[in-house]
Amino acid sequence: MGTIFVYALPLSVCASLSMAQCRVKSSAKLKRERVDRIMDAGANTEEFRQEYLNYLTELEDSRFFKTKFYLRNRINCY
Amino acid sequence: MFKPSELAYTCFQMNLALTEKSAVKILIVDDGEHARRMIKRYLNSLADEFCECADGADALAAYRAFMPDWVLMDWEMKQMDGLTATRGIIDAFPKARVLMFTQYDDQELRRAANEAGACGFFPKDDLLDLSEFFKKQQLLIRR
């Protein structure tokens, strides 16, 4: 019984370690796939982040001004 | 075949005539400089040539000169809005494929875009939808 335990313990440790490694690999792969959907592999991440921020700011600004324009039109009706 | 119910965007015409050539040309009509840049960045690997316009008033002339496979049309612009520009393009080139690309999204707008002759409607919030759409188009072309 004791001998079986001596063999089984290292085996189970090895198995759990390799499973953890696989999980890390698949998580890294998933992350890479997610990033690849958004930007080219060779693209500069910081540059991309800045451009995306500029885009969102532009979108928000236009929303804000257009809402104001819409409200002003509504007010002028009365 | 696209199923609009499964997607955030709408394709009005399911039988889009796809080009057999591999080179894809896209005309971007948007008054936002950053929007144009981001669209180009997202579609960079999926298109071969881009042409840009900052207003709907220039879109028809740009279409005539560039003859793109797709037009990405913003809704609100300074001189001429996207809907009027789309009507102008479709009147002159009935086979033109115009995709409305806007930050506003409701059924009325989608209906108006469809009536103007646009073949699709994409919300501006999620550029991934757009690149996914073009990726699917590429897969269909390769078949």
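This is a predicted model: local features need pLDDT of at least 70, side-chain atom pairs count only at pLDDT 80 or more; totals for chains, interfaces and linings use all residues.
Me: Which residues make the contact between H2(B) and H3(B)?

Reply: From H2(B) come Gly56(B), Ala59(B), Leu60(B) and Tyr63(B). H3(B) brings Gly82(B), Thr84(B), Ala85(B), Gly88(B), Ile89(B) and Ala92(B). By class, the contact of H2(B) with H3(B) has 6 nonpolar residues, 4 polar and no charged.

Me: How is the packing of H3(B) against H4(B) described?

Reply: Two packed helices are described by the angle between their axes and the distance between the axes. For H3(B) and H4(B), the axes come within 9 Å and the crossing is roughly 25°. The pair H3(B) and H4(B) is therefore roughly parallel. Leu83(B), Thr86(B), Arg87(B) and Ile90(B) of H3(B) meet Ala112(B), Ala113(B) and Ala116(B) of H4(B). This contact of H3(B) with H4(B) divides into 5 nonpolar, 1 polar and 1 charged residues.

Me: Which residues of H3(B) are buried, and what covers them?

Reply: The buried residues in H3(B) are Gly82(B), Leu83(B), Ala85(B), Thr86(B), Gly88(B) and Ile89(B). Their cover includes E2, H2, E4, E5 and helix H4 (107-116) of chain B.

Me: Which residues sit at the centre of contacts in the largest nonpolar core?

Reply: In soluble globular proteins, nonpolar side chains tend to be buried together. Here the largest nonpolar core has 37 residues, and those touching the most other members are Val29(B), Val71(B), Leu72(B), Met73(B), Val98(B), Leu99(B) and Met100(B). Two or more core residues come from each of strand E2 (25-29), helix H1 (33-43), helix H2 (56-66), strand E4 (70-74), helix H3 (82-92), strand E5 (98-102), strand E6 (120-123) and helix H5 (127-142) of chain B. H1(B) gives the most, with 5 residues.

Me: What does Met100(B) touch?

Reply: Setting aside residues up to four places away in sequence, Met100(B) touches Met73(B), Trp75(B), Gly82(B), Ala113(B), Ala118(B), Gly120(B), Phe121(B) and Phe122(B). Gly82(B) is also one of the H3(B) residues in the contact with H2(B), and Ala113(B) is one of the H4(B) residues in the contact with H3(B).

Me: How many residues are buried in each chain, as a percentage?

Reply: In chain A, buried residues make up 1% of 78 residues. In chain B, 38% of 143 residues count as buried. Chain A has 2 helices and 0 strands.

Me: Where in chain A is Gly42(A), and is Gly42(A) buried or exposed?

Reply: Gly42(A) lies in the loop between H1 and H2 of chain A. Gly42(A) counts as exposed because there are 5 C-beta neighbours inside 10 Å. From Gly42(A) to Ser27(A) is 15 residues in sequence and 21 Å in space, C-alpha to C-alpha.

Me: How many residues of each chain are in contact across the two chains?

Reply: The contact involves 12 residues of chain A and 12 residues of chain B. On the chain A side, helix H1 (2-38) and helix H2 (45-77) each supply at least two residues. H2(A) gives the most to that side, with 9 residues. The chain A residues touching chain B divide into 4 nonpolar, 2 polar and 6 charged.

Me: What is the phi of Met67(B), and where is this residue?

Reply: Most residues other than glycine have a negative phi, and most peptide bonds are trans. Met67(B) has a positive phi, near 45°. The residue is in the loop between H2 and E4 of chain B. With 12 C-beta neighbours inside 10 Å, Met67(B) counts as exposed.

Me: What is Asp55(B) in contact with, beyond its neighbours within four places in sequence?

Reply: Asp55(B) contacts Asp31(B), Met77(B), Lys78(B), Gln79(B) and Met80(B). Asp55(B) is located in the loop between strand E3 (49-53) and H2 of chain B. Asp55(B) counts as partly exposed, with 18 C-beta neighbours inside 10 Å.

Notes. Residues are numbered from 1 along each chain as its sequence is written. Chains are lettered from A and ligands numbered from 1 in the order in which they are written. A nonpolar core is a set of buried Ala, Val, Leu, Ile, Met, Phe, Trp, Tyr and Cys residues joined through C-beta atoms within 7 Å. A residue is buried if 20 or more other C-beta atoms lie within 10 Å of its own, exposed if 12 or fewer, and partly exposed in between; C-beta atoms are placed from the backbone. Helices (H or I, at least four residues) and strands (E, at least two) are DSSP runs, numbered from the N terminus. Two residues are in contact if their C-beta atoms, placed from the backbone, lie within 7 Å. Ala, Val, Leu, Ile, Met, Phe, Trp, Tyr, Cys and Pro count as nonpolar, Asp, Glu, Lys and Arg as charged, and the others, Gly among them, as polar. Axes are lines fitted to C-alpha atoms, for helices over the stretch in contact, and angles run from 0 to 180 degrees between N-to-C directions. Angles under 35 degrees count as roughly parallel, over 145 as roughly antiparallel, 65 to 115 as roughly perpendicular and the rest as oblique.
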